[in-house]
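Visitor: I am new to reading protein models, and I would like to learn how to go through one feature at a time. Could you take me through some loops and a pocket?

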Amino acid sequence: MKKNKIIVVLTMISALCIFLVACGSKKASAGNQETTTKTVKISFWTGLAGPYEKNLNKIINDFNSSQKKYKVVATSQQTYDKLNQKVMAAAKSNSLPVLGMASYTSLPDYKNNGFIENLDTMYKGMSTSQKNDIYSAFLSGSKIGNSYYSIPFSKSTRVMYVNEDILKKYNLKIPTTWEQMREDGKVLKEQGIYAYGFDQSFQMEWEGLVHSAGITPITSTGKVNVASSKAVEAANFVLNMVKDGTAKSAGSDIYWTNSFVNGKSAFYIGSSAGMTAIKQAAPTSLNWTTAVVPSYEGKSGTAVAGNDIVLFKGASQEQKQGAYAFMKYLLTPKATTKWAMLTGYVPLAKSAVKSKKYQSFLNNNERAKAAVKSLPESFSTKSFVGYNEYYTDESNAFDSMLTKQTSAKDALTGLAKQAKQIVSNNKGN
């Protein structure tokens, strides 16, 4: 009898243990499931490497720490060319990430290929004052027609780097016009110094010159003006300086950075984002600063460069909401100020530039002021379906001027013919 009672009790205890273990397992399982469904992963492909990648992760960590619903995970493709190649391959295999970096000039092609989402819904969630706070050159580059397809992010302008030691030695001042810089070149040429040094091509400077002259190389309606008289005149302005020995291309060196820090030129026009490279390359004894790119025909203007962020097709609704939250965060004065101070890119918002924090940064970093001063007169190049193909043709045309001595008129006339064909082939897209 006692034996039977003991067996019954042991059986009940065993059953209770099994029940408790089962409940515990279900609870643990439910907890894991809750964690999994609670945090939505937002994959993000970038073209940044080195310190830029490291600093981007700081911004991402700030966002991830600011809320618990989403987790942005960035993967660097090392370069923008590799990033674009990876995107094209992933689109074919339906394995695109949620977010990715892209040049604003690639937006029409990405949209035409069905790669990216329309972001009007996200922008409608922003107040008018928030949108007005973003510099118009950046916002206009994010639009195709009347709709938004990206947010601006890592943005730069062209600035003029100035060798103050050369100016002091030869009693020169920082030129405020291209004409003045050309005259300075006549003085410096006798000393074996170029006035104006530029990267492998003066393509972007030409864009700025024709903009100042009131010319849009290819309009939003598809009109091609790249071979207009003023466009040819602007190209010849630089080519004539190259021919008379007052300007020089970096050629196979790609960038004029090393030539500038070694005193080969008094002035160097390049990206404001290249300031980090100059700081690293310049000897401590070199006195240098930056200035706004000189005006041409009485007007200033510099094309903005850098990358935007796009939302790729295929994201779930939850991922889209997470992407919207992250993109809105990047546009906040707090985030864009930190990104600018960490990298040398410019803030996206006017309020960020005016903030005490950024103004304090500028006071301690005088060389960063020129890029910010350029923002009100900056502009985004008009892009269109087939722009990447056109850009390659444009690069070849400028290379031909510099390496094959093709006249500006012939090179740009050939480019105009190619551009018209590209526009015609993509009409209706």
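Guide: Let us begin with how elements are named: helices and strands are DSSP runs, a helix having at least four residues and a strand at least two, and they are numbered from the N terminus. Please keep in mind that this model is predicted.

Visitor: With those names in hand, where is Q78 found?

Guide: Q78 sits in the loop that runs between β2 (70-76) and α3 (80-92). Its phi is positive, about 75 degrees, although Q78 is not a glycine.

Visitor: Is Q78 buried, partly exposed or exposed?

Guide: The general idea is that buried means under 20% relative accessible area and exposed means over 50%, with partly exposed in between. Q78 counts as partly exposed because its relative accessibility is 42%.

Visitor: Turning to the pocket, what volume does the second largest pocket have, and which residues are closest to its centre?

Guide: The second largest pocket has a volume of about 880 Å³, and of the 35 residues lining it, T219, S220, K382, S383 and F384 are the closest to its centre. Elements that each supply at least two residues of this lining include α10 (203-212) and α19 (387-403).

Visitor: How many residues of each class are in that lining?

Guide: The lining of the second largest pocket has 16 polar, 13 nonpolar and 6 charged residues.

Note on methods:
Residues are numbered from 1 along each chain as its sequence is written. This is a predicted model: local features need pLDDT of at least 70, side-chain atom pairs count only at pLDDT 80 or more; totals for chains, interfaces and linings use all residues. Side-chain values use heavy atoms; hydrogens and water are left out. On a 1 Å grid over the protein atoms alone, a cavity is a set of points where a 1.4 Å probe fits but cannot get out, and a pocket is an open set with protein on both sides within 12 Å along at least five of seven lines; lining residues have an atom within 4 Å of a point. Grid points are joined across faces, edges and corners, and a volume is the space filled by probe spheres set on the points. Ala, Val, Leu, Ile, Met, Phe, Trp, Tyr, Cys and Pro count as nonpolar, Asp, Glu, Lys and Arg as charged, and the others, Gly among them, as polar. Buried means under 20% relative accessible area, exposed over 50%, partly exposed in between (1.4 Å probe, protein chains only).
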